[in-house]
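Hi,

Here's the structure I said I'd pass along.

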Amino acid sequence: MDIRDVNFKNISMSYSAPKFKEKYGNFINGKFQDPIDGKYFENHSPVDNKLLAKYPRSNEKDVNSAIEAANNAKHKWGNTSAAERAGILHKIADVIQENLETFAQMETADNGKSIRETMNADVPLAADHFRYFASAIRAEEGSATELNENTLSLIINEPLGVVAQIIPWNFPLLMLAWKVAPALASGNCVVLKPAEQTPASATFLAEKIADLLPPGVFNVIHGFGPEAGKPLASSPNVDKVAFTGETTTGQLIMQYASKNLHPVTMELGGKSPNVFFNSIMDHDDAFLDKCIEGAVLFAFNQGEVCTAPSRILIQEDIYDEFIKRVIERTKAIKMGNPFEESTMMGAQASSDQHQKILEYIKIGKDEGAEVLTGGDAAKLDGDLANGFYIQPTILKGHNKMRVFQEEIFGPVVAVCTFKDEAEAIEIANDTMYGLGAGVWTRDAHQLYQIPRAIKAGRVWVNCYHDYPAHAPFGGYKKSGFGRENHLMMLNHYRQSKNMLISYDKNKLGFF
Amino acid sequence: MEFKRVEITQEADKLLQELKQQHGEVIFHQSGGCCDGSSPMLLPKEDFYIDDNDILMGEVGGVKFYMSHDQFEYWKHTHLTVDIVKGRGGSFSLDIPTGYRFLIKSRMLNDEENKNLNS
């Protein structure tokens with residue numbers, strides 16, 4: 001699936017929020033279970049702030065029950081054949097695909113992002129990740145090496161056992177797929193905690209795949225970080241913790257893991273530079289048009305992406321001409337009801353997120369950044385007036401400003417200029433983070449050398465925001481570690497068992 | 001005159017005192033990055049490992065406020081006010097179950113503050 005294949009012209013389809021039950025349970029040991037202490041929290045839609053449904057406000061008891069179910073299931077599941085696990089993962093992908101529209105509507109209702117994104121990116125990509133890992137485990141093998149004429153080293157992959165996974169709200173189903181697919185594929189049982197802002201799609205998936213997986217293999221626990229996330233991340237009875245979120249919680253989870261000596265993988269955000277060299281303006285052609293869109297991709301998913309290209313670096317001799325085109329394109333972004341397929345940008349995911357973004361725009365202005373377009377909340381009509389909308393905003397300033405250094409997680413981009421390659425690299429790397437970056441050029445040397453010099457795990461060259469399976473994704477610096485979306489992730493969920501076999505009949509001779 | 005890098009609003013302080021009652025000694029640590037980041041996290045004091053890589057920015061409502069050193073380098077020219085907003089975060093911050101989130105409001109330090117705090 002490639003989101004570039006989609007033609008949005010002349011579309012005017014309109015969707016709506018799917019029907020929700022009044023309340024849902026945790027999915028533990030193959031069944032939906034009420035929270036042990038009977039507490040629930042309300043989940044509201046950021047589209048119009050209306051109540052969608054109630055979800056369990058779980059605590060340590062619920063978490064431990066899920067961990068126990070996973071531990072009971074791990075031996076059998078870990079010994080299933082790759083063929084059997086792959087078959088099940090393909091069926092999960094089928095379920096996602098068959099229910100694409102419902103999943104997409106659910107994601108839009110829950111997260112606020114536009115239906116054109118959930119229908120064409122989030123949901124199809126999620127299905128594809130399950131297919132990818134299903135296929136990968138059929139094709140791989142361990143190894144056998146003759147170390148000398150009498151000694152054979154066998155390497156066999158073994159699952160870790162039970163994996164705790166804590167995922168964020170920006171791509172609820174897709175982040176689930178990134179984490180759950182490789183963990184199940186490699187033979188682990190999973191206890192997943194979705195973000196409390198977006199509990200819907202994980203629950204719906206559990207409903208749909210309950211009969212596909214043996215009880216206890218896949219468990220979903222809802223609730224708040226301090227009450228449900230902490231006991232999950234600090235449990236001595238899980239074998240690994242995988243987390244996507246922010247730096248402080250990342251450090252905290254690593255501390256808990258250090259007490260248990262558990263491995264972790266972390267994906268902790270970024271402040272990704274999107275670098276435009278002057279050769280892009282050599283011709284006014286399809287490629288230049290692509291570059292302009294590439295700059296405006298800061299507004300994709302309302303800017304709520306860890307890799308959002310939230311710093312635009314433009315070579316100074318093309319700045320005036322290029323930024324004019326970027327501003328024009330940004331102003332043409334159609335905001336509105338996220339359920340309309342013509343809507344390009346929807347609501348921010350929550351009221352606190354909305355407020356935080358406005359605070360960043362304010363400090364940007366205080367620091368002396370110039371507002372090139374946007375710069376405020378967006379007021380929409382009718383029911384949407386209660387939703388959380390922000391105008392796509394471009395701020396011009398310099399790289400030491402806070403709006404250039406902090407992840408705003410909104411449709412706000414900070415623009416600066418650079419003189420030459422050296423300065424472009426210096427500014428690009430002047431950040432705590434190293435998750436994504438973009439380089440745009442027609443120069444054959446630059447398109448290899450600049451990405452090599454940028455300290456980030458993923459550098460998009462003449463493209464951005466593409467997340468295909470089999471392209472590894474993960475951070476440098478404070479953006480974390482681990483490489484998702486690629487078969488190398490399987491080894492982050494496995495042990496390597498080494499069998500060292502001697503065919504020598506003679507003793508060593510020491511004793 | 002005392003110069004401060006970080007202060008707290010009355011509403012936020014009220015919530016903070018309630019959470020202190022409930023959880024005992026706590027600290028603030030300013031987070032960076034991703035979904036719930038760029039927000040102050042309120043954590044049990046014994047939970048979070050603080051060392052020389054963290055800068056003590058000050059104390060609000062009897063609670064120490066820290067930030068990692070590299071982040072501080074980009075923040076030190078600004079004054080912070082801890083406030084609250086309705087909402088919910090996905091982190092481990094102790095305010096989340098209350099339905100409110102601590103939020104940072106920032107302004108530039110004035111010349112005098114800058115001279116006293118940063119030179």
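First thing to look at: α4(A) has a kink of about 25°, centred on A:L125. Bear in mind that this is a predicted model.

α4 of chain A covers residues 115–139, and at 1.5 Å a residue its 25 residues should span 36 Å; the end C-alpha atoms sit 35 Å apart, which agrees.

Now for the interface. Chain A puts 53 residues into the contact and chain B puts in 44. Together they bury about 3800 Å², with 58% of that coming from carbon and sulfur atoms. On the chain B side, B:Y74, B:R88 and B:F92 stand out: they supply 23% of the area that chain B buries against chain A, more than any other three residues.

On the polar side, I get 18 residue pairs in polar contact between the two chains, counting pairs with both residues at pLDDT 80 or more. There are also two salt bridges between chain B and chain A. One of them joins the side chains of A:K478 and B:D70, at 3.0 Å from N to O.

Which elements of chain B each supply at least two residues of the side that touches chain A? They are β2 (26–30), β3 (40–44), α2 (69–75), β6 (78–86) and β7 (100–108). The largest share comes from β7(B), with seven residues.

Cheers

How values were computed. Residues numbered from 1 in each chain as written. Chains lettered and ligands numbered in written order. Predicted model: local features only at pLDDT ≥ 70, side-chain atom pairs only at ≥ 80, totals over all residues. Heavy atoms only, no water. Helix = DSSP H or I, 4+ residues; strand = E, 2+ residues; numbered from the N terminus. Expected span 1.5 Å × (residues − 1). Bend = angle between axes of the 7 residues up to and from the residue. Contact = heavy atoms within 4.5 Å. Buried area = accessible area lost by both parts, 1.4 Å probe. Salt bridge = Lys/Arg side-chain N within 4 Å of Asp/Glu carboxyl O. Polar contact = N/O pair within 3.5 Å; in protein donor to acceptor, adjacent residues only side chain to side chain.
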